[in-house]
Each structure stands twice: as structure tokens, then as C-alpha cells.
Amino acid sequence: MNTALDFSEIDGGMLAEVGGKAANLGELTRAGLPVPPGWVLTTDAYGLAATGLDLTPDGTLAERARRHLLEAPVPDAVHETIVKRYAALGPDVAVAVRSSATAEDLPFASFAGQQDTYLNVVRAEAVVEAVRRCWASLWTDRAVAYREANGIDHAAVRLAVVVQVMVDARVAGVMFTANPVTGRRRETVIDASPGLGEAVVSGAVNPDRFVAYDGDILERRAGDKRVVIRPLPGGGTERVETAHDDFCLTDAEVLRLAELGRRVEDHYGAPQDTEWAVDADGEIWLTQARPITTLYPLPEPARPGLRVYFSLNVVQGVMGPLTPMGLAAFRLIGGGAAGIVGHGPADPLDGPAFMSVSGQRLWLDLTTALRSRPGRAVLPRALTLGEARGVALVRRLFDDPRLELARSSRRPFLRGLARFARRVHLPSRVFLALTAPERALGYARRVGEVLDRRLRVPATATPAQRLDHAERLLAATFPSIVSVMPIVLTGYGLFALAGRLSGLPLGEMQDVLRGLPHNPTTEMDLKLWELATRVEPEPFAELTVAELVRRYEAGELPPVAQRGVAAFLAEYGHRGVAEIDLGVPRWSEEPAHILGALANYLRMDAGSDLAPAALFAKGEAQARAAAARVTAAARARGRWRGPVTRFALRRTRAYAGLRELPKFYLVKALSGVRHSLLAVGEHLTALGVLDAPGDVFFLDLREARAALAGGDLRELVARRRAEHERESRRRHVPRMLLSDGTEPEALATPAAEGALVGTAASAGTVTGRARVVLDPVGAHLEPGEILVCPSTDPGWTPLFLTAGGLVMEMGGAMSHGAVVAREYGIPAVVGVADATHRITTGQEIELDGAAGTVTPSSPDQARTTSA
């Protein structure tokens, strides 16, 4: 399709034809926002199908497609349209010719700079040639690699060409209406430099940076601005070496830009990444607007004011999204947890007020605890057991004036704590743990036996009865399994007591916790290893995992292996990868993981010091030695301290391993419910409501019950599967999130001594070997290496696929390299002066993308620059 359109003619329904950038400009024109005059040519992957080119991506696809497009003549009708439209602008008007693909500005990928832009194009034939080159840029190596990385079908992409009248820019740059590094919404971040904005976007210059919020300028940082890109009189651009010591924007202009950014964000209803220019008369023009794709979506706050959310997914190591049924299960489980402290929801299916869903992941609202004095005492200690990295983040939030202590916080918190203590029989179980360890351990086992009985569902149960059973079981799961925790807490409490009595820091006592007994996860691993010692290496050594699975399911493995794997799965088959989501298959359903692990064990030397049993035994020995050392230190401080410390550490070792038991039981409950829901799914498939039994996990419990009456939910399931797949490609999930969008982990911390300081561009911390690259052509980057380079344009971005981090000498937080680094989820620091000279290939460095620092493994390793 080849048509010409004014921006004002574009509507949302035409997005599939004209691409994100072009459609956005059309909306901005109609909204009365200052967009340069222009028009749009649309096309598909022009001419490729007609010549029979295979669109299947391979090593030669991009080059062949580009060559074809550059050699093919522009159709007469398109040529005529371009010439007429250009002539209507006036004699030899300078224009910008910009590509805009339908794959741009997606919720998960911006495609920043992946197609080409040509600036200051003068004369009609030059515009025609620039249009052809824009079409061809759909098939640059970087664009193909980017689509591959984001799972986008090459053959489905269409491309529009935007032709805009050039703004004679005195100063230009990029503006984000939310902070792209910290995530804070409505905090406007502006990078600016004299001349055309390409200098900022491409990372060719260290720009001025301004941060504004609520009508105030929070930060001004002057860049060196050594390069200015200017238009040439006859067309094209030039790069001029220069120096600008003063800021290139006045405070008034910064605030005007911020206000314009707010208008654009309000128009689209989401934070925006914009490009802008200020002409010689001081007029501000928008040249581009697109959504910021790297911001994590905010949970819907249940209460007003600043809220603090903690990621249940991250703490459980499940970075991907949960299925709708998996989320529904946790709402019920959370409702049971809230009921223990007297705050259960009116409808258990709604879940508790402290639980939110955003990005198809679970978030816990910690605000009430953070604003309570008892909560501030308990929360860091509780996090220490399972989420040590969260402790520092929580303590930092204590100083936030927006989270000051609530006046009436103590009494409700203590009342809830008292209810919890009563429900789990805290005093009696602590006493039991102190006085009768065998009985305490026996109680922990009986909790599992009771759960096993509750999981049983008669084979004759109807689908409705299965749903009833699932709801009852999930609501009762937390109160049941948490009753083990007083025993666990007794163990850790005694560990802390031993630290006080001995005078040793807890960090120096960690070896006491090695090789713990009664840990179901460790026991599982050792049982798999024990099976490996009894199984003959053949056929495991010579077969693929897929073939091993086929033989196991057909009962064709050697008898010892066949019976051993079956017995292992009977005991542990309820586990799996991302096991907290009941929508995910278990090992008993898909045994490939276990058979692959068994094959790996069989490749190990059973007598090796690295064998699992040997490592566990070594850990036990180290723990005994550490316990003796701690006891001796305590005895040295007083005779009575030694026996008390020895007693405390024995109980610690008896109970600390039980920390894994509640989750073990939880996953067993989820697996049982999953098995029952698959039966419901089979029924709904037979009714024609679903295509397959597993589709039931893309419904919630209410929808599954309603579906028993019939209907057709296949379209709903297909849409949710697609949304789940898109969300699973998200590369960054915060550990903690504030309701204003701020990620506490992304807030800057003071630079370490000896660190090289630049501009924070993509949050995260990574330590790895540096690879200094001056030219991307032919460059090789090992997975995990940190790319150190002068600057990057979009041609560098395929290297990001394997990079562990990015360090640039030039550029700002809104340059192409920084944008793509954020999309790929790799930490990045830009504007690090002389980084390619001060860092050497192979040197180990630590990169902190939130603080904007690069620290060599030892401060004196940073090479000083020559004069």
C-alpha cells in the first residue's frame, strides 16, 4: 500500500498501517500540540514478497532485503506524490525524513533508533532517495537483531515514512516525563544541547541535564557539549567541535518544556519519551513522542498517600508473570494469611488489602508496617530470613518524611501480632521447641500428613465440587503451614542469642548454618544424587533429554532407573520451575528437568569432593567446627555462657532447616489444586468452552465456576496468553516499588572511593570483565562482559544481547544506547570521561547503573589519563 497522508488524517485505527511514530504525531497535531508540519507515506515490507524473497530470518536476510530495496525503483505513483507534496511546502524547504515501523512504540519495546532518520534533506529527488533508504532501514542488521530479541515476526512488520519540515533548532534534545532510571512518575528529565537533537539522541555529546518536578527544578548538570550538529545550506548536516560552558536552556525554558511534557503525557495517559527543539524565536516544537517502555506498571493503590510495595515474585525468584489462576490462588492464600491477624477480606476471592497485582505479578503493601514503630522493629528482622537485600532498602525508607510514623500505629500492629501469636500457638510451640526437639520435629511432619489428607479429592467429584475443594484448601493453606514457623523462629532466635553471648557478629557465624538437617530441598537433592549412584550411566550418557523423557514415559528405561525416577517423582513431583504459579506444569507432568539433572549427576565422579553428598558432609563438618568456635568465644566471656551457647546452636541446627518446609507444603497444596483444576479444564474443553484443559489456568476461579454453565472463552484465553507472553519478555522487575513509580534500589548511593563517575542511565549493579571496544564492526563480546566504548549509535545495539553492562564515554541517559540498555535490562553508566583509556580489556569492574559509577576491582587499577 502506498498512500500519502497529512498528520491530521491519522487516527488510532490506522496504527497498523502507518506505525507508532507517525500515528503519535497525528494525534499530537489534532490535540493542538506544537508539531512541525508534515506528511506520511506508508508501505509494507515493500516489494519483498513480489520478488519471492524468503522472509525467514537467517544470516543473509538483512543484507539481501536491504540490497533489494535500495536497487528497486520507487513506484511512479509514490514518486509523483513525494514530488507534489514537497513542492507544496515551498522552494527547497529542508525536511527530516524519518522511519516509523508498526513494531515501534510497543508496550515492551520502543525500537529507539532501529530504523534510519535523514535530517535536513533538500530538493525533491533527495527526499525520494531518503524515503527509499528509510524503507530499506527496516532490514538493517540491528533492526533484525532487535526484532529477534523481542520475538517480533519480521514478515508482519510494516513501515511508514514521516516527512517533517525541519525546525531551525537553536537547542534541541530529549525529554522523559518520568525518570527513566528511578521510575519516579511526573519527574521530568531533560537532556539538551545546542543545534540539532541528533547529537543528544545518538550519544555523540554529553548534554546538559535538568530534572524538574511539580514546577521546581531539582537538578541542573552542565555537560561539556563538545559536538554540535548543524544543518548545511544545501542539505545534510555537519558535526562541529565546540565548547559551551553555560547551560543551553534557561530555567524558564526548562519549566516550559516540563509543562509541555505534562500535556503530552496527559493526552496519552502514560509517561512519554519525547524529542523536542527550540527555534531561534524561542518557540518549542515536538518532533516525536512515544511511550516509555521500560517503566514498570504501578499497582493500583488501595489507600491514598505514598505506598510501598514489595515484590513477592522477586523474593521467590520467579521473575516472569503468573497466570490468572496462579494469581487467583494467591489471593485466596493471602486472604487466609490476613484472617490470622483479623483483617481477612469480605470475599476471600478478592484477596487481602495488602496484596496487589501489577505486571501480572504479586506485590505486598508494606506501608502500614513501615509507618509503625513495632513494624520497623519486626520487618527488617523478618526480611533477614529470606530477603536480606530488602533490609537495606527498608531501612533507607525509614528516613523518607512521607513515611513518617503514624500516630495510632502501635496499637493495631500489636493487636494483630497478638492475634497471630494466638492462632499459631506461639508460646506453647516455642516452649515445645526449647524443651522437646523430637516432638517439635514430629509436629512439623504431622502438618504435612494432614495436608496430604486434605488434598485428596474423590474421583467422582463434580467440577463444581472440585472448585469448592480448591477454594477451601487454598484459604486454609497459610494458617496450616505457618504453624511451623514458631519452631523455625525459635531456631533463629537462639542463633541470635548465641551471637550476643559470644560477642561475634552474625556474619562470622554463618558457617553454623551449613549442612542443615530437616531441609526438604537439600533432602530432595541428596535423594536424587543417591539415585544417581545406583543407576548405570547408560543410556543417560548417550541420549538426549527428550529421548530420555520418551523412554521414561514409555517405561523403557533400565529397571533401576525407571523405578527410581518414578519413586522420586512420587515424593517430589509436585515441585517445578516457577512452582509458586499453579498454572505451571510440575516435574511429575514434565520430567525433563529431573532426567536432565540425573544425567548431569551421572557425569560426575561419585568419589569427587564436588559430589553433592561430599559437599553436604563437608558443610556439616564446617558447621561443627564453627559451633565449637562460637561456643569457645562465649565461654571466654563467662563460664555459664559456653553451655547456653552450645544448647542454643544445637537447637538452631535442629530447626533452621525447617525454614524451607512451609514453602514445600505450599507448593504441594498448589500442585494438588492444579491436578484438580486440570480435571475442571477437561470438562470445560468437552463443553467447547476451552480449546484444551490447560487453558483453565488463564481464567480465575470465579470465571472457571461461571464457565461451567457453558459459553465460549477461547478468545479471552487467547488474548490472555498473548498478554502473558508479552509480559514474560519484561527484562526488569523491581524488588521494591513506591506508588509514585520510584524504585528504591535505583536511587543513587554515594560513589565508592576510586570510582569513575558518570551519569546513571540504567539501574542495576553488575561485576564482570571489561571489554573495551572502539569499533562495533567485527567486535566480539563474551556473555556477561561489560562493554566499554566511546559512544554508541543504534549500530552497536546487537552487542547488547550478550553484554552484562554498558559504559560509555559520551551520551546522556536518553541517548539510544541508554534507552536500549534499559530495555535489555542491563546496567549502564554513560558520560564517563576517558573510560576507554582508564579501563582495560579483561579488567574486573563493578558497574552501578543507579549511582552512575564504575569501580575497578581495586582503585589503583584505574589508569590515569595522559595530559
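1. Where is the place of Pro321? In this predicted model, Pro321 sits in the loop that runs between helix 9 (312-315) and helix 10. Its relative accessible area is 8%, and because buried means under 20%, Pro321 counts as buried.

2. What does Pro321 touch, leaving out residues up to four places away in sequence? The contacts are Gly359, Gln360, Arg361, Asp581, His724, Glu727 and Ser728. For Ser728, the C-alpha atom is separated from that of Pro321 by 5.9 Å, although the two residues are 407 residues apart along the chain.

3. Some totals for the protein chain give the setting. The chain has 29 helices and 25 strands. Of its 867 residues, 54% are buried. Taking contacts between residues at least 6 apart in sequence, 68% join residues at least 24 apart.

4. Ser311 has Trp363 of strand 16 opposite.

5. Helix 17 (residues 463-481) deserves a separate point. It has 19 residues, and the distance from its first C-alpha to its last is 26 Å, close to the 27 Å expected at 1.5 Å a residue. How large is the bend of helix 17 at Ala475? The helix bends there by about 30°, and a proline, Pro479, follows within four residues.

6. Which residues of helix 17 are buried? The list is Pro463, Arg466, Leu467, His469, Ala470, Glu471, Leu473, Leu474, Thr477, Ser480 and Ile481. As background, an α-helix has 3.6 residues a turn, so residues three or four places apart point the same way. The buried residues of helix 17 pack against helix 10 (324-340), helix 16 (437-455), helix 18 (485-502), helix 25 (661-687) and helix 26 (701-707).

7. How do helix 15 and helix 24 lie to each other, parallel or perpendicular? The axes of helix 15 (residues 426-435) and helix 24 (residues 641-655) come within 10 Å and cross at roughly 110°. Angles of 65 to 115 degrees count as roughly perpendicular, and the two helices are therefore roughly perpendicular to each other. Ala433, Leu434 and Thr435 of helix 15 make the contact with Phe647, Arg651 and Tyr655 of helix 24.

8. Another open sheet has eight strands, in the order 18-25-24-20-21-22-23-19, and its pairing is mixed. At the edges stand strand 18 (756-757) and strand 19 (759-762); each has a single partner strand, so one side of each is left without a neighbour in the sheet. Strand 22 (residues 805-808) and strand 23 (residues 828-830) run parallel and are joined by two bridges. Leu806 has Ala828 in strand 23 as its bridge partner.

Terms used. Residues numbered from 1 in each chain as written. Predicted model: local features only at pLDDT ≥ 70, side-chain atom pairs only at ≥ 80, totals over all residues. Heavy atoms only, no water. Expected span 1.5 Å × (residues − 1). Bend = angle between axes of the 7 residues up to and from the residue. Buried < 20%, exposed > 50% of the residue type's maximum accessible area, 1.4 Å probe, protein only. Contact = heavy atoms within 4.5 Å. Pairing = 2+ DSSP bridges. Axes fitted to C-alpha atoms, helices over the stretch in contact; angles between N-to-C directions. Parallel < 35°, antiparallel > 145°, perpendicular 65-115°, else oblique.
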